[in-house]
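Hello,

Here is the structure I promised to pass on to you. Have a look at it first, and then read my notes below.

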Amino acid sequence: MKTTLIALAAMAAPLMMAQEAAPAAPSAPAPAAETPAVDQAEYEKYAAPARETLKAMQELLQTLQGVNSKETADAAAPKVKEYLQKIDEIKAASQGQPEPSAAVQAKLKAEFEVEVQGIIQSMMGTFMPLALNQCYGSAALMEALTPMLGGAVEEPAPTPAE
């Protein structure tokens with residue numbers, strides 16, 4: 001989860017920075033003429049990877065939400081690896097970008113803030129049962145999730161031979 005949160009945070013950093021840096025909202029809306037124009041090309045440079053990351057995160061969550069046994073955990077492991085790889089690739093491609101303009105930050109925040117918060121909340125609810133159940137004994141899922149969880153989940157206990 002740590003790696004995914006970092007990747008998501010990297011994509012969402014302009015959103016969060018805009019939220020922290022933004023002054024308190026005025027009591028009356030600002031006139032439209034005072035609203036800074038958003039450079040659409042600059043906006044897309046930041047919005048496209050954010051959309052890709054959120055899509056991969058949603059697919060990852062959907063996959064993990066279906067895990068409820070060793071069999072479903074084993075089946076989910078390759079997909080989990082694929083989604084985490086995709087998120088890492090997006091993060092790597094976005095590294096080193098300059099900070100977006102204030103107008104772009106505001107638009108990013110407006111578009112993605114609610115979805116980012118929802119995904120983070122869903123992640124917590126999804127990973128808790130997996131951690132508590134030690135990935136239902138699936139070494140494959142445990143291995144797939146290790147980069148995300150930073151080793152926070154212990155190895156599943158071996159199944160006694162019958």
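**Salt bridges in the model**

The side chains of E44 and R51 form a salt bridge, with 3.0 Å from N to O. Please keep in mind as you read that this is a predicted model. As for the background, side chains of opposite charge can pair when their charged atoms come close.

How exposed are these two residues? E44 is partly exposed, at 30% relative accessibility, and R51 is also partly exposed, with a relative accessible area of 34%.

Which parts of the chain does the pair of R51 and E111 tie together? R51 belongs to helix α2 (residues 40-65) and E111 to helix α4 (residues 102-132), so this pair joins parts that are 60 residues apart in sequence. Their side chains meet in a salt bridge of 3.4 Å, N to O. E111 has a relative accessible area of 35%, which makes this residue partly exposed. Put together, E44, R51 and E111 are linked in a network of salt bridges.

Another pair to find is K70 and D74, whose side chains meet in a salt bridge at 2.8 Å, N to O. Both residues lie in helix α3 (residues 70-94), where they are four residues apart, about one turn of the helix. K70 is partly exposed at 36% relative accessibility, and D74 is partly exposed with a relative accessible area of 30%.

The structure holds six salt bridges, including the ones described here. Enjoy exploring!

Best wishes

Terms used
Residues are numbered from 1 along each chain as its sequence is written. This is a predicted model: local features need pLDDT of at least 70, side-chain atom pairs count only at pLDDT 80 or more; totals for chains, interfaces and linings use all residues. Side-chain values use heavy atoms; hydrogens and water are left out. A salt bridge is a side-chain nitrogen of Lys or Arg within 4 Å of a carboxyl oxygen of Asp or Glu. Buried means under 20% relative accessible area, exposed over 50%, partly exposed in between (1.4 Å probe, protein chains only). Helices (H or I, at least four residues) and strands (E, at least two) are DSSP runs, numbered from the N terminus.
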